[in-house]
Amino acid sequence: MTEPTFVLTARWILPLVDEPIEGGWIRVDQDRIVEVSRESVPSGAIDLGDAAILPGLVNAHTHLEFSDLVQPVGHPGIRLSAWIAMVIDQRRKAALHDRDDSIERGIRESQESAVTLIGDIATPPCRYPECNDGPEIVSFAEVLGLSATRSVDRMSAANAHIDADKNAGISPHSPYSTTRETIAACVDEAVRRHRPVAMHVAESPDERELLIAGSGPFFESLKAIGVWREGQFPWGERPFHDLIEMLRKSPSALVVHGNDLQDDEISEIAKHSNMTVVYCPRTHAFFGYPPHPVDRCLAAGVPVALGTDSRASNPDLNLWREVQFLLNHRPDLDPQAVLAMATINGADALMRRQYGRIATGCVARFGTVATEAKSIEDLSADFASRPITAY
């Protein structure tokens with residue numbers, strides 16, 4: 001897009017805040033959408049022909065620092081507790097400059113698949129490359145530690161990260177790796193600064209066993225890697241209700257993965273419009289979990305966004321392939337809802353409403369998919385099989 005002002009048209013336009021438009025057009029001025037119309041196409045428009053124009057995609061959850069990996073860590077069906085121990089070992093081997101290179105590689109890969117906004121879990125200190133036409137990044141400073149010393153150190157690094165980046169959020173890693181006091185401190189900081197919070201929650205039944213009984217594979221893994229602290233577990237009979245009560249105070253709370261969420265917990269999340277479940281379909285499949293409760297989340301009115309997690313659990317960072325995975329493996333989901341999960345819902349959760357939709361005032365970054373479809377049903381079939389191109 002070289003001209004500051006232009007009109008774009010194609011066979012289909014999917015605003016996602018409105019019904020799909022057949023043969024409509026979009027006017028762009030200075031990298032912003034200034035008009036979307038169903039009327040006759042103005043002369044001089046750039047016609048993309050047999051294509052559908054979508055808003056740029058939103059990857060609501062990833063770990064860019066692992067983008068150097070050529071294949072996932074471990075093997076399909078590995079227990080999460082065992083996988084985490086392997087990932088910790090992987091992280092310890094990575095030099096700081098290698099991590100910066102990995103982040104840049106992950107950003108480039110994301111951009112190639114039409115991702116325009118990324119929610120990245122970062123280990124401060126970290127650096128992002130300067131790139132004016134690249135995706136915007138909401139960088140969540142990761143905080144973890146079951147010891148007081150580790151918690152204070154990571155909280156200090158997170159505050160410095162947030163001070164330096166007006167877009168940054170904060171991420172208490174998970175209830176199995178972060179104390180309740182530190183989680184509360186992260187939420188307090190997010191409230192004070194009006195920033196989003198992201199946290200890995202209900203990833204596996206083993207996590208639930210640790211929080212309720214203080215036993216099981218996670219107990220063994222924490223002991224083996226030398227980070228177990230007496231008195232941190234168990235939490236009680238309803239640990240995820242307690243966690244939801246803490247997170248719901250945030251300006252925006254991303255409940256990441258949620259593979260093991262139960263109906264009563266989903267109902268509790270649904271009470272809070274600032275909470276979003278972030279689902280990483282191919283990572284969920286890698287661990288061999290039972291079907292994700294995404295259908296029950298949507299039925300309860302819980303917004304669901306999509307993420308790729310990292311190359312430690314996923315073959316790539318192509319968010320469109322997450323969309324296609326769902327279109328091909330979850331026929332119970334409405335294709336339009338799946339598209340919203342890859343766009344609007346992630347943008348809203350990341351507190352960047354100028355992304356993820358084709359509407360006046362929004363950022364003019366798009367994805368295009370080749371299609372000759374004459375109906376919405378045919379269009380969804382093309383989405384399930386054809387790649388997306390950044391525009």
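User: Which residues does Gln 324 touch, not counting residues up to four places away in sequence?

Analyst: This is a predicted model. Gln 324 is part of helix α11, which covers residues 319-329. Leaving out residues up to four places away in sequence, Gln 324 touches Phe 383, Ala 384, Ser 385, Arg 386 and Pro 387.

User: Does Gln 324 count as buried or exposed?

Analyst: The cut-off for buried is under 20% relative accessible area. Gln 324 has 12% relative accessibility, so this residue counts as buried.

User: Which helix gives the most residues to the lining of the largest pocket?

Analyst: The largest pocket holds about 730 Å³ of space. Its lining has 36 residues, and those closest to the centre are Ile 84, Ile 88, Arg 91, Leu 144 and His 173. At least two lining residues come from each of α1 (80-93) and α6 (217-224). The top contributor, with 9 residues, is α1.

User: How many residues in the lining of the largest pocket are charged?

Analyst: By class, this lining has 16 nonpolar and 12 polar residues. The charged residues number 8.

User: Which elements give two or more residues to the lining of the second largest pocket?

Analyst: The second largest pocket has a volume of about 440 Å³. Among its 17 lining residues, Tyr 128, Pro 129, Pro 135, Ile 137 and Asn 167 are closest to the centre. The elements that give two or more residues to this lining are β10 (136-143) and α3 (148-164).

User: How many residues in the lining of the second largest pocket are nonpolar?

Analyst: This lining includes 4 polar and 4 charged residues. The nonpolar residues number 9.

Conventions: Residues numbered from 1 in each chain as written. Predicted model: local features only at pLDDT ≥ 70, side-chain atom pairs only at ≥ 80, totals over all residues. Heavy atoms only, no water. 1 Å grid on protein atoms, 1.4 Å probe; cavity = no way out; pocket = protein on both sides within 12 Å on 5 of 7 lines; lining within 4 Å. Points joined across faces, edges and corners; volume = space filled by probe spheres on them. Helix = DSSP H or I, 4+ residues; strand = E, 2+ residues; numbered from the N terminus. Nonpolar A, V, L, I, M, F, W, Y, C, P; charged D, E, K, R; others polar. Buried < 20%, exposed > 50% of the residue type's maximum accessible area, 1.4 Å probe, protein only. Contact = heavy atoms within 4.5 Å.
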